[in-house]
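This report describes a predicted model. Please read it beside the sequence and the coordinates.

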Amino acid sequence: MIIRVPFTGEILELDEQGQPLRGSPDNPVRIVDFQDLLPSELTHFSYRVISYDVLAGEAILDVTVEPRRVPTGKLLAVEGRSDLEPIPETREETPAEFDDRKRRTEEALVDLVERRKADLVALKSRPYIAQR
Amino acid sequence: MRIARRVIVNVKPPVPAVGHEQTQTATGTVTNTTWQDMNTLEYVSVAAGAELLLASLSVTPVNPTNVCYYAGSSCAFEYYIETSRFKMRLYVDGVQKAESGYMTNNYMRIITYHEVNRPTTTHNVELKAHNYYSGASRICQYTTAAGGGNREFPGGAISFFEAKAA
């Protein structure tokens, strides 16, 4: 699905088409972390930037909901590592589960973009933190 | 508004993208960060909302009309508490181009991004892991011999392609 969301960061240079060509190393041009506004179950998606609308301060994204693994509730011992705590066992999502989650994720994204835009815009003020 | 032409490819280098005759011309050099072996459990701790550089690539396109970046990482994350805390982000010259889904233990994640009309100057392509969790999370390279996993992108790596139009 295609959505428009705010972006943040510092643009140092635009290209001839008005697209960001260079962003600040200390404050890169990036999409806001809108996952913070969605239930964690509905954040299993990826996206690619189609283009930046610099005048509007928004990016146009192509979002793809991805399959996820579902916890079974069992815990598994780590092979060869008795000193580690067991890890949760997971299984593949069924097609019906995926379709349902995909529908709910896309509805939540539309709701976020259309009705909770102020929340998204508020995320633009979040400082950039880089680690090495 | 100009919409950049995109072709999403899902192939492993140096296999050409479907519908394109590609010339594999990695004119840059890949620089991987140093990672700890999982067995040492010496993870790198990443603060909430912070980004960790996984790999970077300096590249100068010869034919800038059609370029493709292919980045991936195979890492282990907060191993015995929560595996889905990180997503990968691809940056070109400090501008975000794409973001992956959550990374998970033992599984490789990739990003492919295709764009047109890049200037023939040197570009800096970066692959970063972003911690989406509300607290600090740990991450390390998945290289343990006992655990298997995908070794194609230990820690993180980026490939670069130039392509001729279909």
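The sections below take up conventions and confidence, then chain A, then chain B.

## Conventions and confidence

Residues are numbered from 1 along each chain as its sequence is written, with chains lettered from A and ligands numbered from 1 in the order in which they are written. As the model is predicted, local features need pLDDT of at least 70 and side-chain atom pairs count only at pLDDT 80 or more, while totals for chains, interfaces and linings use all residues.

The model scores ipTM 0.89 and pTM 0.78. In chain B the mean pLDDT (the predictor's confidence in each residue, from 0 to 100) is 60, and 39% of the residues reach 70 or more. Residues 1–42 of chain B have pLDDT below 50, yet this stretch has 95 contacts in the model beyond near neighbours in sequence; two residues are in contact if their C-beta atoms, placed from the backbone, lie within 7 Å. Within chain B, confidence is highest in β7(B), at a mean of 91, and lowest in strand β1 (residues 21–23), at 31.

## Helix α1 of chain A

Helices (H or I, at least four residues) and strands (E, at least two) are DSSP runs, numbered from the N terminus. Helix α1 of chain A covers residues 95–115; at 1.5 Å a residue its 21 residues should span 30 Å, and the 29 Å between its end C-alpha atoms agrees. The expected span is 1.5 Å times one less than the number of residues.

The buried residues of α1(A) are A:R101, A:T105 and A:L109. They fall within an arc of 75° seen down the helix axis, so they line one face; the arc is that of the directions from the axis to the C-beta atoms. A residue is buried if 20 or more other C-beta atoms lie within 10 Å of its own, exposed if 12 or fewer, and partly exposed in between, with C-beta atoms placed from the backbone. Cover for the buried residues includes β1 (2–8), β5 (45–53) and β6 (58–65) of chain A. The face turned away from them carries exposed residues, among them A:D99, A:R103 and A:E107.

## Strand β7 of chain A

Among the eight residues of β7 (69–76) of chain A, the count of buried residues is zero. This strand pairs with β8 (87–92) of chain A in the antiparallel sense over five bridges, where pairing requires at least two DSSP bridges. A:P71 has A:T90 as its bridge partner in β8(A).

## Chain B

Chain B has 11 strands and zero helices. Of its 166 residues, 48% count as buried.

B:D93 has a positive phi of about 55° although it is not a glycine. This residue lies in the loop between β6 (86–92) and β7 (95–102) of chain B. B:D93 is buried, with 22 other C-beta atoms within 10 Å.
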